[in-house]
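Visitor: I'm new to this one. Could you take a close look at a single strand and what sits around it?
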Amino acid sequence: MKAYLSRRYHLSASHRLHTDAYDVEKNRAVFGKCNNPHGHGHNYTVQVTVSGQVDPETGMVCNLADLDAFAAENLINRFDHQNLNTLDCFRESVSTTENLTIEVYRIFKRFTAAYLERVHIEETSNNSFDYAGGPDQGLV
Amino acid sequence: MILLTRKAEFSAAHFYWNEKWTDEENHRVFGKCANRNGHGHNYTLEVTVAGEVDPVSGFVVDLKQLKDILEREVISVYDHRHLNLEVPEFAKMLPTTENIAVAIWQRLEGKIPNAKLHRVRVYELPDLLADYYGER
């Protein structure tokens, strides 16, 4: 039996949408209040969906404790209470939630106990983003 | 085709224990879920069915009828019960969120008139859910 397991994690971080490819005026025009030089923040909810055969011995797709430990080390420790713009992964790209979703997908692809189906991130209760891989599997 | 989702809730007790394993192995794999006195959750069930809209009624399925089917087939059997001890399918299968989704699918399959079961989603917690689409 193939089942899908989804787990939601919560992290809070600041960011500023800005690119050196635009001048000051264009940054303001494109990114609006998200371009505030001092940054702003969100409580992000990250929903990770993995799939696999339900192990007849454990009744599980994968052990939730393993997924949580992986998330604590590779998601929460890395992003929670951070300024996203200071992180290596956003040195070359804008810290939009689209790019964050792709980065989180890339991270959870390294979790090998189940197949990663999708990463869904809610930036606010009104904005959410999904990435389920693509030809590049998020590996740029 | 339209997808229609109906929610229902049940509260139940369970624990995880594999009789083939030693006590130590059970505690290592299942952690606090291996407490044999059990613990409980408020589960939320979401059942999604797929079908065509009836041109006369405008319904895919009659929601009241779907509610009654969920009540009869699932809620009356699971709610305020100990899943391991009182629900037959979990006598030989651990009542994990994944297995609960599979078991509910098996209880509902073929019982919903005029619509096809599309997805069974079970929330054990607001931050933990399992989906089953009938895949082998």
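Guide: Let's start with strand β2 (residues 40-53) of chain A, which is joined by seven bridges to strand β4 (residues 115-122) of chain A, the two running antiparallel. Strands here are DSSP runs of E with at least two residues, numbered from the N terminus, and two strands pair if DSSP finds at least two bridges between them. In that pairing, Val48(A) stands opposite Val119(A) in β4(A).

This is a predicted model, where local features need pLDDT of at least 70 and side-chain atom pairs count only at pLDDT 80 or more, while totals for chains, interfaces and linings use all residues. Residues are numbered from 1 along each chain as its sequence is written, and chains are lettered from A, with ligands numbered from 1, in the order in which they are written.

β2(A) also pairs with strand β1 (residues 2-15) of chain A: 14 bridges join them, again antiparallel. Look for Arg8(A), whose bridge partner in β2(A) is Gln47(A).

Now follow β1(A) across to the other chain. With strand β5 (residues 128-132) of chain B, β1(A) pairs in the antiparallel sense over five bridges, and Ser6(A) stands opposite Leu129(B) there. The whole contact between the chains takes 16 residues from chain A and 18 from chain B, counting two residues as in contact if their C-beta atoms, placed from the backbone, lie within 7 Å. On chain A's side, β1(A) gives the most, with seven residues.

Terms used:
Helix = DSSP H or I, 4+ residues; strand = E, 2+ residues; numbered from the N terminus.
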